[in-house]
Amino acid sequence: MLRKILIANRGEIACRVIKACRELGIVSVAVYSIADKNSLHVQLADETYCIGSAQAKKSYLDMPSIIATAKSCGADAIYPGYGFLAENAEFAEACTNSGLIFIGPSAEAIRKMGDKAEARQTMHNAGVPVVPGTESIIDNLNEAKKIAKQIGYPILIKASAGGGGKGMRIVNEEKELEKALRQASQEAERSFGNSGVYIEKYLTSARHVEIQVMADNFGNTVYLGERDCSTQRRHQKLLEEAPSTIVSEKMRTKMGQAAVRAAKAAFYSGAGTVEFIVDQNKNFYFMEMNTRIQVEHPVTEAITGTDLVKTQILIASGAKLPWKQKDIKLRGWAIECRINAEDCYHNFMPCPGQLTTYKPPQLENVRIDSAVYEGYAITPFYDSMIAKVIAWAPDRKKAISLMLQALQDFKIEGVKTTISLHYKLLTSQTFQKGMIDTNYLEMHLDEILKQ
């Protein structure tokens with residue numbers, strides 16, 4: 001078992017890992033920027049070290065500083081969380097070269113899945129369905145025009161090295177292609193230091209369904225059901241649920257087996273998520289693989305009775321997977337709402353400020369993952385998430401009802417939040433019927449907010 005873990009992250013995921021460390025008897029080490037000196041993860045950790053200024057590149061993205069801190073404090077391993085350095089192959093490699101265990105997949109697997117064009121080719125070779133599109137990076141406009149004509153408009157331009165909607169453009173006709181290609185490439189360069197983009201067919205009225213996988217270092221891999229992440233705005237997830245309203249047991253098995261093939265093709269270990277796009281005929285296609293824990297992992301934990309973070313740590317310690325596929329049983333329904341400090345009535349503008357009131361709901365089967373407290377100041381330097389609310393119930397209708405009660409009970413003052421949007425969304429007929437697709441919120445946001 002590992003003795004001491006440095007958490008190279010902040011916010012609620014850092015608090016989540018500290019909790020797992022405590023339950024496993026492992027010493028937790030928090031690193032923080034000057035802006036985060038009063039953060040909850042700093043208060044909860046066994047040891048704390050300031051690693052730089054508020055700018056992420058001078059603190060949470062400073063690889064030499066993080067590794068030097070881990071070495072000097074005697075940590076065995078580094079847990080990267082999500083965001084920041086979580087999917088940075090160079091960081092994973094640097095940890096290993098420094099004699100530290102990187103709690104995640106190998107640098108090789110991160111590279112293979114991080115390059116979206118290479119990932120598509122890897123999946124194709126593994127027999128995993130992929131969306132029609134290019135097999136490599138687009139080098140010029142003429143090539144892009146040729147491919148677009150072959151697969152038909154609308155198309156989607158995507159950053160090869162990216163995620164989170166960055167470097168992504170929808171193109172409905174050829175006259176839009178040149179500008180979109182240039183913009184996507186420039187945004188990809190700014191966001192990821194890699195201007196490479198590729199093209200795939202854009203599926204309208206599609207669902208975003210992802211499969212959670214877990215693999216050990218002995219060749220064992222399982223899937224833990226699916227999450228429906230179709231409630232999005234500008235390719236950013238707002239709400240997730242598990243299981244999905246469109247996935248049957250037969251479809252779940254097919255998607256799960258495809259996800260396991262994907263993980264094995266990448267020689268994967270640890271927690272990962274294989275993301276699929278599902279068309280109106282319930283055909284599913286590989287989009288990408290996230291080589292880390294996901295923000296929405298609690299809904300999977302809720303319906304499977306597992307602890308994914310503790311399992312990651314155990315696998316990194318050299319343990320075998322604690323379950324076989326037959327051990328994974330889904331029970332009930334879980335919904336997660338991401339509560340952000342944003343003004344949803346004004347283009348989701350971030351709203352930093354002090355939380356003058358912070359009273360989370362106290363309800364059975366409602367989990368709150370957060371790193372804030374009353375009096376805490378949301379800064380403009382990082383993600384605006386305040387909390388994740390996770391509600392579990394025996395069925396979907398009861399889960400929705402419980403989440404609505406939790407949102408009503410959640411009292412936050414001092415900043416604007418997305419609570420009202422989530423409440424209105426959950427009461428909409430389209431959501432209650434389980435008919436949300438990836439375009440729904442974008443197209444109907446104004447009418448939802450007017451409810």
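Residues are numbered from 1 along each chain as its sequence is written, and side-chain values use heavy atoms, with hydrogens and water left out. Because the model is predicted, local features need pLDDT of at least 70 and side-chain atom pairs count only at pLDDT 80 or more, whereas totals for chains, interfaces and linings use all residues.

A nonpolar core is a set of buried Ala, Val, Leu, Ile, Met, Phe, Trp, Tyr and Cys residues joined through side-chain atoms within 4.5 Å; buried means under 20% relative accessible area, exposed over 50%, and partly exposed in between, with a 1.4 Å probe and protein chains only. The largest such core has 41 residues, and those with the most contacts inside it are Ile386, Ile412, Leu421 and Leu426. Two or more residues each come from β11 (236–242), β14 (333–340), β21 (385–393), α12 (396–409), α13 (419–427) and α15 (440–449). These elements are DSSP runs numbered from the N terminus, helices being H or I of at least four residues and strands E of at least two. Helix α12 gives the most to this core, with seven residues. A second, separate core of 31 residues includes Cys21, Ile26, Ile103 and Met214. In soluble globular proteins, nonpolar side chains tend to be buried together.

Not counting residues up to four places away in sequence, Leu426 is in contact (heavy atoms within 4.5 Å) with Leu239, Cys337, Ile400, Met403, Leu404, Leu407, Phe431 and Gln432.

Helix α13 also packs against α15. Their axes come within 11 Å and cross at roughly 100°, which makes α13 roughly perpendicular to α15. The axes are lines fitted to C-alpha atoms, for helices over the stretch in contact, with angles from 0 to 180 degrees between N-to-C directions; angles under 35 degrees count as roughly parallel, over 145 as roughly antiparallel, 65 to 115 as roughly perpendicular and the rest as oblique. Leu421, Lys424 and Leu425 of α13 meet Tyr440, Leu441, Leu445, Ile448 and Leu449 of α15. Of the residues in this contact, seven are nonpolar, none polar and one charged.

Burial also extends to other residue types. Asp228, in strand β10 (residues 221–233), counts as buried at 4% relative accessibility. Its side chain is joined to that of Ser230 by a polar contact of 2.6 Å. Beyond four places in sequence, the contacts of Asp228 include Arg207, His208, Leu239 and Glu241. His41 lies in helix α2 (residues 40–44) and counts as buried at 1% relative accessibility. Among the residues in contact with His41, beyond its neighbours within four places in sequence, are Asn9, Arg10, Tyr32, Asp36 and Tyr60.

Helix α10 (residues 297–304) is largely enclosed by the rest of the structure, because eight of its eight residues are buried. His297, Thr300 and Glu301 are among them. Just after α10, Gly305 takes a positive phi of about 65°.

Gly152 lies in the loop between α7 (141–151) and β6 (155–159) and is partly exposed, with a relative accessible area of 21%. Its C-alpha atom and that of Ser317, 165 residues apart along the chain, are separated by 48 Å.

Conventions:
Nonpolar A, V, L, I, M, F, W, Y, C, P; charged D, E, K, R; others polar. Polar contact = N/O pair within 3.5 Å; in protein donor to acceptor, adjacent residues only side chain to side chain.
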